[in-house]
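Please look through the sequence and the structure shown below before reading on.

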Amino acid sequence: MATTHTHTNIDVHHHDDHEHEHHEGNFWTNYIFSQDHKVIAKQFLITGIFWALFGGALSVIFRLQLGFPDMTLEWLRPLLGGWITPEGKIDPEFYLALVTMHGTIMVFFVLTAGLSGTFSNFLIPLQIGARDMASGFMNMLSYWFFFLSSVVMLSSFFIETGPAGGGWTVYPPLSALPQAIQGSGLGMTLWLVAMALFIVSTLLGGINYITTIINMRTRGMSFTRMPLTIWAFFFTAIIGLLSFPVLFAAALLLIFDRSFGTSFFLSDIYIGGEALANVGGSPILFQHLFWFLGHPEVYIVLLPALGITSEIIATNSRKPIFGYKAMIGSMLFIAILSFIVWAHHMFVTGMNPFLGSIFMLLTLIIAVPSAVKIFNYVTTLWKGNIRFTSAMLFSIGLVSFFLTGGITGIFLGNSAIDIQLHDTYFVVAHFHLVMGSASFFGMLAGIYHWFPKFFGRMMNEKLGYIHFWLTFVGVYMVFFPMHYIGIAGFPRRYYSWTNFDTFSGFTDLNTLVSVAAILTLSAQFIFLFNFFYSIFRGRKASANPWKSTTLEWTTPRNPGHGNWPGEIPAVYRWPYDYSKPGAKDDFIPQTIPYSETPESNLPHENELIKLETNGDGAIVIEGSKH
Amino acid sequence: MTTLIVVLGVVLVLAILYLIFRISSLVSVAKAKTSDDEVDSSNGVHALLFILFMVFGLGGFFWYSYTHFDSYTLPIASEHGAWTDTLFWITMGVTVVAFTIISIIKFVFLYQYQHKEGRKAKFYPDNHYLELAWTIIPALVLALLVFTGLRAWNDITSPASENAEVVEVIAQQFAWTVRYPGKDNVLGDYHYQKIDAINEFGLDLSDNKSFDDFKSLELHIPKGKEVLMKIRAKDVLHSVFLPHFRVKMDAVPGMPTQFKFIATKTTAEMRDELGNPEFNYELACTEICGKGHFSMKMSVVVDTPEDFEKWKAGQEAWLKQNPDYLKNVPAGLRESAMIKAEIPVETGVTYLEGVKAVAVGSN
């Protein structure tokens, strides 16, 4: 199971004896068009943080409309101009654009690029013991395609007809017909172009992650010795590689329908006093294609967060993660199932009801591996010695959201119950907790935990605690009340509910949600301050501040290009030897051979000692001599 | 001026916060908290806060769910709605029990196993029996939920009976219209290219089933009789949502959909039940469809079967309201069209002669 590729590392090694290599390149090659995975990770991180704030701000604007329907928003006119109506309200079409862009930005730009892009890039080489990604150049391209995509998406806010407004799912015909909604004009074109670029970026990144994990693990780093983070990134990249091209196809066909008069998704349409010529297309086809990506996308967003959390909870409970193999198994199972549950988003679209039964069955099966993960997290806490670092707090927050939000999935996956709940606020509550907030907390946990490796300094823990508690309580205040609003039937994407007697209540809860949303967003500025301040002024980190076992903590405080100044360390054990009975410390790094820890070895581990060395003391794995 | 004061105030507050931050970090440096060996002194505070969070969170959840039950549950007015709501509450029971137990265990563990100097965590990497148990138990519970759900779903989506009352709901930006089949109980053909400002349905007047179809801007349905709602859209996706009837189905251009249900309470009965004489059933759109999505409403009236028949009998055929469309009826069918649409002979003849005159004139 071990790797046999060490020759590549030796090459790098020759010119890598200096810890810092910055003097070799100039500003542009070191910080802008860098091919170093750590710099690229930071680029993804900073861009992701920008988008998170942007997307969060959009949600606060539309929450103002929903929470305070009578409030005049005249004061936003300097910012939004014509999107504020003469009566001082948000324009209803711009409201839809806000909702659409909030979804698109959060799902793709923050929780896909910002999360996977940052941590896959940063941690894969560091945790498997590689000098860099398999292709640094492709990796650089991946970021710059993402950057380009960001620029195109952002530019759609500055055009007269505004950004895309058909919902983040961009269902045609609404998204195909500019006469149906303004946002389906140039804004939608920019959306499609941006997404096409984004998909290119994701694929370039994904191929790299997979190749690197398969081919570039250090000596001894067998698959079963990989940290769960790496497993999570591995599955995520595979899911992305298989599902994003389908979205690409859907986007391409939509471009054809919009610009070249084809009828893939259009049929029998009479709009604006005119019957269109398109016949024979199916809007449902687009939904199938979209959700074939859209559902795996949920796991693309979630799995890295779960991987990060596994690592952090084990480290801070000072215990091995419970059920390491079951965790891998459940992630594998989730990854496979994620491809065959997509149509549970479509129970009431007019799809054949028989398909509904099949997808309901498959969907509820996916709850089993998810439940296993939660039980394993809780058991990992049992009899631990828990340190509440900021990262640990956010990881606990993730488990809490994953449970609260996951459980409502059992309602929605049941097609009979979904009839009433579909497209209500119950769905909004469900996915914001289980996918949005959980993944967002995973991302924050990861930032707090690996900040010392990112920047060589510590973040301020006190500010981290305040940030956590405000955000944790805030997120629950935002999304928990939405369950009630949803059970009461309130449809999502409504600009106002006062037209309906049925939906005239709950102004109190809606105001509460909006206030909580504003406070939660404000709390993120504590994080921002902490983040940027600590980059420059934070306490200097020690090499292994969390007393963790994994490889990244064996690098210097500020690892240079190539990560390890000398030889890449070899790996002898799994990554979760915390609090092993008999051991001196409460953790044993992966680089310590069993031969050095006879006091704590389990019987089967003593047998592995023979494999660690041969006659002349050199390390041998599967017969390949170094 | 006020803006300036606000800005200055904000700057001042931020400056004070920054000072507090600096002082506290200097104090912590002075206290020599610089090594990683010590666990932060606030560790126990978090453990306690988690317990408080659990108590207030779960407490608030149960309290609100209990005291506000009537404000977040909608009364049920359809047969299958009673069934799906039962499933909903069964699922709620099962999941709330699981949720509460897991939450309590989790937060108690966090408190109980918070860091203590000198204690060593238990090395406990796996236990196959436990893993097996919590794979199989959720699987069994879910299997039960799946099968009850499947039965309901299959029943709800099974074909409507022969004598179901057929209505057609047509969605467009941003309004609903309803078409009733008229006395022959069969909806006439339509084609989207025949739609115009007046012929909103796109009625195909060469089909003799279409002559007696009539239009309504309110959805009237009978109580206690199966209703087969046929649904279509003219422009973009919409979705028919009847919250009290637990009915939801998308309206798709180019692909007619349908939903069958039986209403169990008339509007009058529901008004009595709720003690609200103003109450009306409503139909809402739940698929994003553009600027007016949030205002796409239609009133729904549930009548007793007798009232419903009476109401139907009082409606005029669409063709009778728009007799100049007689010219689109093939010559051979005009007489039967006039009979089915109950167009008085004089009116029909006037319009048709007009057509003829035009035809002659154009020759």
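In this predicted model, the axes of helix α5 (residues 92-128) of chain A and helix α9 (residues 283-317) of chain A cross at roughly 40 degrees, and because angles under 35 degrees count as roughly parallel and 65 to 115 as roughly perpendicular, α5(A) and α9(A) are oblique to each other. The two axes come within 10 Å, and the crossing of α5(A) and α9(A) is left-handed.

**Helix α5(A) against helix α9(A)**

- On the side of α5(A), the residues in the contact are A:V107, A:L111, A:T112, A:L115, A:S116, A:F119 and A:S120, and they meet A:E297, A:I300, A:V301, A:P304, A:A305 and A:I308 of α9(A).
- Sorted by class, this contact of α5(A) with α9(A) consists of nine nonpolar, three polar and one charged residues.

**Helix α12(A) against helix α13(A)**

- Helix α13 (residues 390-412) of chain A crosses α12(A) at roughly 155 degrees, with the axes coming within 11 Å; since angles over 145 count as roughly antiparallel, α12(A) and α13(A) are roughly antiparallel to each other.
- The crossing in which α12(A) passes α13(A) is left-handed, and the residues that make the contact are A:A367, A:S370, A:I374 and A:Y377 from α12(A), together with A:V399, A:F402, A:L403, A:G406, A:G409 and A:I410 from α13(A).
- Seven nonpolar and three polar residues make up the contact of α12(A) with α13(A), and no charged residues take part in it.

**Contact between chain A and chain B**

- Chain A brings 98 residues to the contact and chain B brings 89 residues.
- Helix α12 (residues 367-381) of chain A gives the most to the side of chain A that touches chain B, contributing eight residues.
- That side of chain A divides by class into 58 nonpolar, 26 polar and 14 charged residues.

**Domains of chain B**

- Chain B is divided into domain 1, covering 43-114 + 129-158, and domain 2, covering 165-356, and the C-alpha centres of these two domains of chain B lie 41 Å apart.
- Where the domains of chain B touch, ten residues of domain 1 are in contact with 13 residues of domain 2, and the side belonging to domain 1 has four nonpolar, four polar and two charged residues.

**Sheet with the order β4-β10-β9-β6-β7 (chain B)**

- Five strands form this open sheet of chain B, in which the pairing is mixed; the edge strands are β4 (219-222) and β7 (247-251) of chain B, each of which pairs on one side only.
- Neighbouring strands of this sheet are turned against each other by 25 degrees on average, with direction ignored.
- Within this sheet, strand β9 (residues 281-285) of chain B runs antiparallel to strand β10 (residues 297-303) of chain B and is joined to β10(B) by four bridges, with B:A284 standing opposite B:K297 of β10(B).
- Helix α7 (residues 305-313) of chain B packs on the sheet, where it touches β4 and β10 of chain B, and its direction makes about 135 degrees with that of β4(B).

**Sheet with the order β3-β2-β1-β5-β8 (chain B)**

- This open sheet of chain B has five strands and mixed pairing, and because β3 (214-216) and β8 (257-262) of chain B stand at its edges with a single partner strand each, one side of each is left without a neighbour in the sheet.
- From one strand to the next, the twist averages 30 degrees.
- Strand β2 (residues 175-180) of chain B and β3(B) run antiparallel and are joined by three bridges, and B:Y180 stands opposite B:F214 in β3(B).

Conventions: Residues numbered from 1 in each chain as written. Chains lettered and ligands numbered in written order. Predicted model: local features only at pLDDT ≥ 70, side-chain atom pairs only at ≥ 80, totals over all residues. Contact = placed C-beta atoms within 7 Å. Helix = DSSP H or I, 4+ residues; strand = E, 2+ residues; numbered from the N terminus. Nonpolar A, V, L, I, M, F, W, Y, C, P; charged D, E, K, R; others polar. Axes fitted to C-alpha atoms, helices over the stretch in contact; angles between N-to-C directions. Left-handed = near helix turned anticlockwise from the far one by under 90°. Domains from an automatic or database assignment. Pairing = 2+ DSSP bridges.
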